Amino acid sequence: MLIDETVRFLSQVPPFQFLEESLLRELVQSLTMAFHPKGEVILHQDGPISEHLQIIKKGAVKITLRPEGNGDEVVVDYRERGETFGLVSLMGGHQRTTIVAIQDTTCYLLPKERFNELVVSHPAITEYLLQFHLTKYADMTSREIQGKSLFLESSDHLLFTAQVGEICQRFTTVVEADTSIRQTARRMAEERQSAALVVGPNGEPIGILTDSDFRTRVVAEGQPIDGPVSRVMSHPVVSVDEQDPCFEVVLKMLQCDIEHVAVTRGGVIRGVVTNHDFLVLQGRSPLAFSEDIEHQTTLEGLAPVSRKAMSIIGVLLREGARATNIIRIISELNDRVVRKVLELAERELGPPPVPYCWLALGSEGRKEQTFRTDQDNALIYADVFDSQKPRVAEYFRRFAVFMRNGLVQCGFEACPANYMASNPDWCQPLAQWKRYFSTWISEPTPEAVLKALIFFDFRPLHGDQSLAWGLREHFGRLIPDYPVFLGFLANMLVRNRPPLGFFGGVAVERNGEHKDGLNLKIKAVAPLVDIARLFALEKGLQQVSTVDRLEALRGGTSLISELVDELEYSFEFVTLLRIHHQYRQAEAGQPIDNVIRYDGLSSLERQSLKNAFRLILKVQDQVMDRYKSFII
């Protein structure tokens with residue numbers, strides 16, 4: 001191999017063209033060459049993993065994928081001169097595609113060990129390669145595979161399939177608690193680390209010190225740098241096992257508002273994973289949107305960031321994410337926006353006169369929102385003496401109006417039914433909220449049950465959560481004393497029958513605006529949510545989300561304890577179908593709705609939808625038998 005010729009070639013190929021010539025020459029020393037004749041299968045799907053990153057000097061290859069359970073091979077991509085292949089296999093530890101030479105092809109081979117060194121020393125190179133491979137791969141598979149069937153469990157996208165141990169950095173800066181701040185900083189600089197893990201006597205992580213901590217806790221506070229690092233470290237350190245899924249770690253980082261997580265193997269430190277690692281892995285991490293939200297100090301600045309954050313839905317869909325994962329990420333980002341508006345409201349109106357708790361209701365309360373629709377919220381504040389009531393009520397009235405207007409500005413439309421804290425009915429002291437629930441449960445009229453269904457799914461989002469939990473305990477004690485209330489819930493559940501015809505066909509709208517359409521939210525999502533809620537309330541469970549409720553019912557004594565897997569599968573499927581439908585509408589600039597065209601679904605989707613409907617009917621029939629004395 002001619003070194004000068006190879007250097008000239010790579011100097012014109014991104015991302016290697018960004019390397020200094022001296023480093024490029026050094027890199028070339030580790031390259032070998034391979035010739036692949038036309039028709040050769042270079043890498044087999046599910047075969048041995050690639051041990052090299054292959055850079056095409058001449059020729060071209062075809063990348064194909066055979067989905068699990070599907071005999072049809074799908075062309076994912078073509079690669080030609082100057083492009084690379086083998087990266088996903090190299091980093092993911094599994095060969096997920098078949099790569100075939102479609103011309104006589106010559107490649108430079110960069111060994112795995114040298115590639116790993118390049119990953120550590122040049123993050124920009126790694127980011128380019130990952131974005132190139134994953135963007136092309138995600139876009140093609142989304143069009144070719146998800147275009148045929150939206151519900152594929154064999155997703156090949158790293159955020160949702162990789163374990164965190166596969167992407168964590170090998171961690172070298174580990175210090176004991178009595179190490180000085182100066183020594184720790186020196187170690188971090190020498191080892192080029194953005195954080196140091198502090199360990200206890202048995203090597204277990206007990207704290208972490210990051211670059212940010214140095215700025216805020218050492219420099220800003222004037223801490224003596226010869227003092228022990230334990231004085232300024234963040235603790236307890238959040239740690240995860242190396243086998244935890246990357247998605248779960250991202251969610252934990254969002255919830256804990258942190259940028260570094262320790263990765264352990266059997267309780268011993270193996271490495272660390274950072275926000276940057278997920279930016280590289282995913283191209284645009286939910287953590288980055290979260291940071292953008294947190295950095296805003298005005299509604300004017302928050303509004304465009306809030307709206308832009310919803311673009312993460314497209315990223316997650318292209319990555320083949322599970323619907324339940326998508327709605328959890330959406331909920332976390334929505335929560336960040338709402339909390340930021342609450343912070344701005346308190347800054348605008350001054351500190352609240354008494355403790356309060358902001359509640360998310362309905363799908364937002366269950367963390368099951370898809371695209372942002374309208375607001376569903378309420379506010380509880382602490383009970384006060386009669387003499388204080390006018391002043392306190394006036395503060396929270398103004399507060400709730402600020403919130404309504406601020407959230408509208410950030411993309412959350414006002415609720416047409418006025419289930420918002422800006423409605424004085426839903427901005428009340430704890431005692432009044434308890435009276436509401438007592439009335440709804442003891443005197444269950446259809447209107448009362450409808451309100452209860454909305455408010456049962458509340459979730460404390462900000463403020464004094466003891467107010468919310470006090471309310472939940474209150475109605476939890478009431479329900480067993482009023483079985484007629486559960487009977488009313490059961491009655492509402494069984495009256496919303498799935499649209500299955502006598503011969504098993506699906507009935508669609510015959511006329512009107514949505515002719516030939518099917519409302520997924522009303523006919524599929526709502527019954528599954530109602531099923532989980534009914535049996536959770538029946539068992540006195542505290543969970544709010546549909547999946548959490550179903551999991552809590554698994555293996556118990558309820559009617560659906562043996563149907564949890566089927567119910568979760570159905571909920572996952574109809575939610576994903578709904579998200580894809582809404583995403584296509586958003587991309588086309590159309591109003592968001594829940595009405596799909598049944599004749600536009602694939603045969604697999606139609607069959608899966610029918611199965612979900614049959615499952616709902618099965619449970620409804622069981623409910624009818626159990627609550628037959630209440631069924632009208």
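Two strands are taken as paired if DSSP finds at least two bridges between them, and strands (E, at least two residues) and helices (H or I, at least four) are DSSP runs numbered from the N terminus. The structure is a predicted model, in which local features need pLDDT of at least 70 and side-chain atom pairs count only at pLDDT 80 or more, while totals for chains, interfaces and linings use all residues. Residues are numbered from 1 along each chain as its sequence is written, and side-chain values use heavy atoms, with hydrogens and water left out.

An open sheet is formed by 4 strands in the order β1-β8-β3-β6, with antiparallel pairing. Its edges are β1 (32-36) and β6 (84-85), each of which pairs on one side only. Within the sheet, β3 (residues 52-58) and β8 (residues 105-111) are joined antiparallel over 6 bridges, and Lys 58 stands opposite Thr 106 in β8.

Turning to the interior, a nonpolar core is a set of buried (under 20% relative accessible area; exposed is over 50%, partly exposed in between; 1.4 Å probe, protein chains only) Ala, Val, Leu, Ile, Met, Phe, Trp, Tyr and Cys residues joined through side-chain atoms within 4.5 Å. The largest such core holds 123 residues, of which Trp 358, Phe 396, Phe 399, Phe 455 and Leu 609 touch the most other members. Helix α14 (residues 323-349) gives the most to this core, with 13 residues. Apart from it lies another core of 20 residues, including Phe 9 and Leu 87.

Finally, Ile 258 sits in the loop between α9 (246-256) and β14 (260-265). Ile 258 is partly exposed, at 23% relative accessible area.
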